[in-house]
Amino acid sequence: MKKKILLFADVGIDDIVALIYAYLSDDIELVGVVADYGNVPRERAIQTANYLMTYVPEEKRFPIIGGAQIPMTAEEPTFYPEIHGEYGLGPIIPEVLSDTTENFFEIVNIIKQYDGELTVVSIGRLTSLASMYLLYPDLMDSVKDIYVMGGAFWVPGNVTAVSEANFYSDPIAARIVMNYANNLTIIPLNVTDFAIVTPQMVDYIDSKGKTELLKPLLDYYYAYYKERNPEIQGSPVHDAITLMAPLYEDMFTFKELQVYIETTEGHVNQGQSITDIRPYIKFENGVRKHRIAFGFDYKTFYNRFMTVMTGEAFD
Ligand code: BDR
Ligand code: CA
């Protein structure tokens, strides 16, 4: 049976790679995408999600929901056109821009409709998802499981020395989700920084013709990463590997630990995700723990990613 997934995304390049993976996969049914500020402003995130829909086969189209516009910190968000492009599409500017109707509470109907069988995957800032916990805690308990791309546990961050972008940009929202979500799995930079798609993989996927979008997007994204770190071998597809996690749990190694998010604004460790990995530490009864991915098998990731993106069997 296909996994029914409600996706919360900040619609940058790696979010779109995840979306392409989702609509090419026979194992995923996207039941909605919540388009949030983050990599680009909310308005553009919604417009880009609508633009993307022109590439999605009719039978696989899904509702697009306008998410949050600003973080719970009340700070003005910072956007990242140098990584993701003006519209989250690298060099592509959509010719026709959709309207940006406010329909946030459609999320409630979607969660009710798929009562008990819905997987939530969050691959952007956590503001919208945290808002659901503030407003609908009981309803959120009916979600089967939740996967979040975020955090960096005792490894370097990507937006500061210690913090990952999704947690850093709204640490209050991240903390709300950590404190209230059940059945939560976190896919942090510890894993996603190594989910690399090389230029050779991109060219091969492109030659197979299943998606014409992937190459312009990942060429743009890779140029940024390569300039920042000339050693890097390809693009880290943070969000695609997170979307794959509910399907391929066997690809990861996990630990169950309590998570703390530093919310002090402007502090050197704003948004840092902390967990106690000392082997002799005993957690008190009743402490809320989450599953954190600390490792994954690259070969499995490669085979499963390439199979979906090319339509050929890799194993
Ligand atoms: C995460 O931050 C966003 O910019 C990316 O799309 C990804 O979800 C990586 O830190
Ligand atoms: Ca993202």
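**Helix packing and its surroundings**

Guide: Helices α5 and α8 cross in a left-handed way. A crossing is called left-handed if the near helix is turned anticlockwise from the far one by less than a right angle, and right-handed if it is turned clockwise. Helices (H or I, at least four residues) and strands (E, at least two) are DSSP runs, numbered from the N terminus.

Some ground rules come next. This is a predicted model, in which local features need pLDDT of at least 70 and side-chain atom pairs count only at pLDDT 80 or more, while totals for chains, interfaces and linings use all residues. Residues are numbered from 1 along each chain as its sequence is written, chains are lettered from A and ligands numbered from 1 in the order in which they are written, and side-chain values use heavy atoms, with hydrogens and water left out.

Two packed helices are described by the angle between their axes and the distance between the axes. The axes are lines fitted to C-alpha atoms, for helices over the stretch in contact, and the angles run from 0 to 180 degrees between N-to-C directions. For α5 (residues 127-135) and α8 (residues 171-180), the axes come within 8 Å and cross at roughly 50°. That angle makes α5 oblique to α8; angles under 35 degrees count as roughly parallel, over 145 as roughly antiparallel, 65 to 115 as roughly perpendicular, and the rest as oblique. On the α5 side the contact (heavy atoms within 4.5 Å) involves Thr 127, Leu 129, Ala 130, Tyr 133 and Leu 134, and on the α8 side Ala 173, Ile 176, Val 177 and Tyr 180. Sorted by type, the contact of α5 with α8 has 8 nonpolar residues, 1 polar and no charged. Here Ala, Val, Leu, Ile, Met, Phe, Trp, Tyr, Cys and Pro count as nonpolar, Asp, Glu, Lys and Arg as charged, and the others, Gly among them, as polar.

The crossing of α10 and α11 is left-handed. From α10 the contact takes Pro 199, Val 202, Asp 203, Ile 205 and Asp 206; from α11 it takes Leu 214, Lys 215, Leu 218, Asp 219 and Tyr 222. In the contact of α10 with α11, 6 residues are nonpolar, none polar and 4 charged.

Helix α10 also packs against α13 (residues 298-310), at an angle of about 25° and with the axes 9 Å apart. So α10 and α13 are roughly parallel to each other. Their crossing is right-handed. Met 201, Tyr 204, Ile 205 and Lys 208 of α10 meet Tyr 298, Tyr 302, Phe 305, Met 306, Met 309 and Thr 310 of α13. The contact of α10 with α13 comprises 8 nonpolar residues, 1 polar and 1 charged.

One residue of α10 is Tyr 204. Tyr 204 is partly exposed because its relative accessible area is 33%; buried means under 20%, exposed over 50%, and partly exposed in between (1.4 Å probe, protein chains only). Between Tyr 204 and Met 306 there are 102 residues in sequence, but 9.0 Å in space, C-alpha to C-alpha. Neighbours within four places aside, Tyr 204 is in contact with Met 306, Thr 310, Glu 312 and Phe 314.

In α11 there is Tyr 221. Tyr 221 is buried, since its relative accessible area is 1%. Not counting residues up to four places away in sequence, Tyr 221 touches Ile 13, Asp 14, Ile 83, His 84, Ser 235, Pro 236 and His 238. Tyr 221 and Tyr 136 are 85 residues apart in sequence and 36 Å apart in space, C-alpha to C-alpha.
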